[in-house]
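Please take a first look at the structure below.

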Amino acid sequence: MAELLRTHPLEAWSTAFADLPGTVAVTAEPFVATVDVRLGTVDAAVSAALGVGLPTAPNTWVPAGSGRAVWLGPDEWLLTSTDETPEELEARVRSAVLPFGGSATDVSAQRIGLRLTGARVRDVLATGCSIDLHPRVFGRGSSAQTTLGQAGVVLLGLSDTGDDVAVLVRSSFAGYLADWLLDAALEFTHDS
Amino acid sequence: MTGPFRISEGGRIDRATTLQFTFDGQPYTGHPGDTLASALLAAGRHQVATSIKLGRPRGIAAAWAEDPSGLVQIEEPFPEPMLLATTVELSDGLVAHGVPGQGRLADVPDSARYDAVHHHVDVLVVGAGPAGLAAALTAARSGARVALVDEQSEAGGSLLSGSDVLDGAPALEWVASAVAELAGHPEVLHLQRTTAFGSYDDGFVLALERRTDHLGAAAPRHLSRQRVWRFRASSVVVATGAHERPVVFADNDRPGIMLAGAARTFLHRYGVLPGREAVVATTNDSAYDAALDLHRAGVRVQAVVDARPEGSPRRREECEAAGIPVLPMSVVTGTQGVDRVTHALVAPFADGQVGAAAAIACDLLLVSGGWNPAVHLFSQARGRLRYDEALGAFLPGEQLDGLSVAGSAAGVFDLAGCLADGRRAARAAVAARGIPAADDDRLPVAPEPVVPAAPLVLWRVPDTSAAGGSTQFVDLQRDATVADIARAVGAGLRSIEHVKRYTTIGTAHDQGKTSGILTSGITAELLGTPVRDTGTTTFRPPYTPVAFAALAGRDRGRLFDPERVTALHDWHVAAGAVFEDVGQWKRPRHYPRPGEDMAAAVLRECAAVRTGVGILDGSTLGKIDVQGPDAAVLLDRLYTNLMSSLAVGSVRYGVMCGVDGMVIDDGTVLRLAEDRFLVLTTTGGAAKVLDWMEEWGQTEWPDLRVHCTSVTEQWATFPVVGPRSRDVVGAVFPDVDVSAAAFPFMTWRDTTLAGVPVRLARISFSGELAFEVSVNPWYAVAVWERLLDAGRPYGITPYGTETMHVLRAEKGYPIIGQDTDGTVTPHDLGLAWAVSATKADFVGKRSFARAHNAHPLRKQLVGLLPVDRDTLLPEGSQIVEFAADGQLPPPPVPMLGHVTSSYRSAELGRPFALALVKGGRARIGGTVHVPVNGTLVPVEVTGAVLVDPEGARRDG
């Protein structure tokens, strides 16, 4: 049977994103397998079973294999993988955490990722995000669950200079957020 | 030269460039750096408007936001009501006119951009006068993150209005070097034209930046016109200076009467002489600077009228050297003139008694009654004020965590003192943040301050005339006078808050910047109580008016409220769907064909589903993954019915109630594994139900080993519905035996399509044979199109929420929130079968034991059929019945209930409705009436299930 084609929620925005200057570059990230992990205690045994040490410092993320482990709460993480299907990832993580009283749920399609790079990224985010994104506070390895405009997002700091941030947003809000970002970037599209 | 009152040099204006503007229909010119007020004064024009109640001519009484009178309407570049001529920066092509208290909003949409920025700092300094600049420099040199905001077009504060000297050079040279130094610090944000208007807990300060107004029509369209800054500061240094206050006397509102300090500002900053012949009335030393500066600039100063018994020997000598007469122990009791002051009436003043007045000719009357520290931001942050008897002013009366006041705002009025106080405040702020102070925080040397002679606190000059204070204006904008305060006190009002509301003093655009403390003083005098006991009215944000457009920012138009869309949204748009807002979701309501209205489209869609096959985008349904060994226990406790007995592979309908036993949500539950369920909620209830589960799990039953995760957007869900749905689903998923025997109602099966996992569930919200197809939304469009392709031979019809509503209502399925209102139990809905009699407990169970729960007259869900088979009952209609004699009972006519859902039914061939009716089930078969457009429409009460009550269709 013919393959099923996938459609990205932000396909229609790709041209507008491409027209943005390098100071506020926005790209929609490809689909990525993601599970929501719930677990009471993180110890060496769990880390060994998972193959990654889940971060326990609030509002941080760490590289995890091909993906990332993002702290969402005292007992909740997002775990992503670029070399497994959503089903494979959920099955692997679920079997790893079940013995420890944990759970794992495939949430790959719950959110989509946007990558924001450039010198003006902080300025754009500051027009709609109330938390402090200064590199002294929000460098590489930082994460935050917050709102951007009126959309709930997860922000991941990808650099120590504040010019590289990943934004995870609920798929249904992606179009709103894309419009919002383009509108916010308008001020910088006339920079010489 | 723009105007006869413009001097040839000096000031902060660019004489090389001339701007054209129009005021009250007259052409005028000005320069960059002018305000509308300074440009009008340069032309010799003082009168700006007439007053709101009395129609008295009013002019420019101050040089900035404290002006109580000079309100204008801007017409070009964009209509804006009620701005102060003193705060409107002149731009080429500006068109404005004075307004008597009320302006006019634009009748066209404002196309300018407005936005907001969040900004975090260690130290926020408000005010770029000497104290603020010293504070900002001190903090910046330590490496702290600093923001400096100031509402003027350039830094300098009071230094812009005088001729001060620092380090032996003009003070503005130091201002320029300080601004340049701040610009070199990468962690410093310096904003001019930015008014901090609100100060809140924890260092949260709101400020409005006017970014492009001064550019007029040349403002770039891609920049926001105004920006709201949302500062979060570890420490705030309030260096907002002080407002001069007038002394109240009769006819003190004529154009040409202004604050003494304002005249210095117009002279030094704008190069404008506010008159030719001046009288200066004062109670303190500061107004002498105005008298001397104007004299040097060529104004004939007729007299300095000083109310103090002692006066100021030093100042008097300075004036005598300049040939300016000083009249000690004298006051201005009144004025003459019509559109402009022509004479000041000056009288001896001793022991509170006024002697006989003599008229002194003048076209400018300057007044100073002392200075009120601008404590607004401190007071907004709940800082207590104390009254200083000597200054006659309210000062910060306590230390606040994270907010300090420096300079004139704290009652420090000399330049050296302001610089030192700014540095002190910044050092403390930086130290509190744990940042070491810079080695070098040198500040310029100011001349040794001269201690001024003691001021006299004088709120008003006694009015011995027949007018009795009725022309002694306290709040010029409100036309409120001393007589009005006397009337308030005479009416028994004692609280300054009551006096404010009785007189309306302090409620205008300026929020009492000049009138507020005067009112406290005059009220105290009239009551014979100390001013400190009278106190002030409460300072509330905003400090100056803020346009709603600025507060709305970018949350307008398409960005007003997020539109949530499903993975199929573009398909729906292409298919011509008419959308309905369901919460923030955009859901297709119906898919009209050319020429169809909604009624026709819905009848067609309904018929297609009941006779063939339809397909719905149900992706917005709330979905919650519930995992853990105690998952079944949690669901047993939250649903009214038993979920633990559900077999893996099966589906059960469930009702959820609040602790009061009232229905809060319903939906279906799929058991995925022994320790895993998928809970489906209503579209609108998704977040609420997840919160509800978390609340109970976290606060009441933390021992339960269960986790709940939202998967609403993890699954795109398409109900394929109708007698031919089995053919369609069977064709797309050949691996699945879709026969009724192999795939019974209320079960689910997992399968794959081209390797992609798909879940099928036999759930029906229409009573028809139906399969809900769920897939990862990445593949939603592909799967939807496969289903459409397979359904084409059967005329598969996409249908929207309206058809979904009709189909479910025909089956009596309630929609929680439409057919219920928070007072409805499962029993009222006819869902007693879904309430477990055997479970030990569940949320809401206790309430079902209340006697009233079984009351026969509770409102119950029933069906209604209009007897005329034609009337569509409006939803929300009341239901009444006739008395035994066939007449309506006397008013108020008892209401039996109301229509909750009402539609035309293709299946029934007539309209029908659902309703909550008192004792409704006992009325089945009877007739009640519904008033529709003034007519009582007879309707038959029926059971709630009007189509296929036997349930014969669900298996096709």
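The model is a predicted one. Helix α20 spans residues 801-810 of chain B, and nine of its ten residues are buried. Among them are Thr801(B), Met804(B), His805(B) and Leu807(B). Glu802(B) and Glu810(B) are also buried. Just after α20(B) comes Gly812(B), with a positive phi of about 75°.

Now the helix pair. The axes of α10 and α11 of chain B come within 11 Å. They cross at roughly 110°. Angles of 65 to 115 degrees count as roughly perpendicular, so α10(B) is roughly perpendicular to α11(B). The table shows which residues meet.

| Helix | Residues of the helix | Residues in the contact |
|---|---|---|
| α10(B) | 496-503 | Ile496(B), Val499(B), Lys500(B) |
| α11(B) | 515-527 | Thr519(B), Ser520(B), Thr523(B) |

By class, this contact of α10(B) with α11(B) has two nonpolar, three polar and one charged residue.

Last, the two chains. How many residues of chain B are in contact with chain A? There are 40, and they touch 44 residues of chain A. On the chain B side, β8 (113-126), β35 (622-627), β39 (707-710), β42 (756-761) and α19 (780-791) each supply at least two residues. β8(B) gives the most, with six residues. The side of chain B that touches chain A holds 18 nonpolar, eleven polar and eleven charged residues.

Note on methods: Residues numbered from 1 in each chain as written. Chains lettered and ligands numbered in written order. Predicted model: local features only at pLDDT ≥ 70, side-chain atom pairs only at ≥ 80, totals over all residues. Axes fitted to C-alpha atoms, helices over the stretch in contact; angles between N-to-C directions. Helix = DSSP H or I, 4+ residues; strand = E, 2+ residues; numbered from the N terminus. Parallel < 35°, antiparallel > 145°, perpendicular 65-115°, else oblique. Contact = placed C-beta atoms within 7 Å. Nonpolar A, V, L, I, M, F, W, Y, C, P; charged D, E, K, R; others polar. Buried ≥ 20, exposed ≤ 12 C-beta atoms within 10 Å, placed from the backbone.
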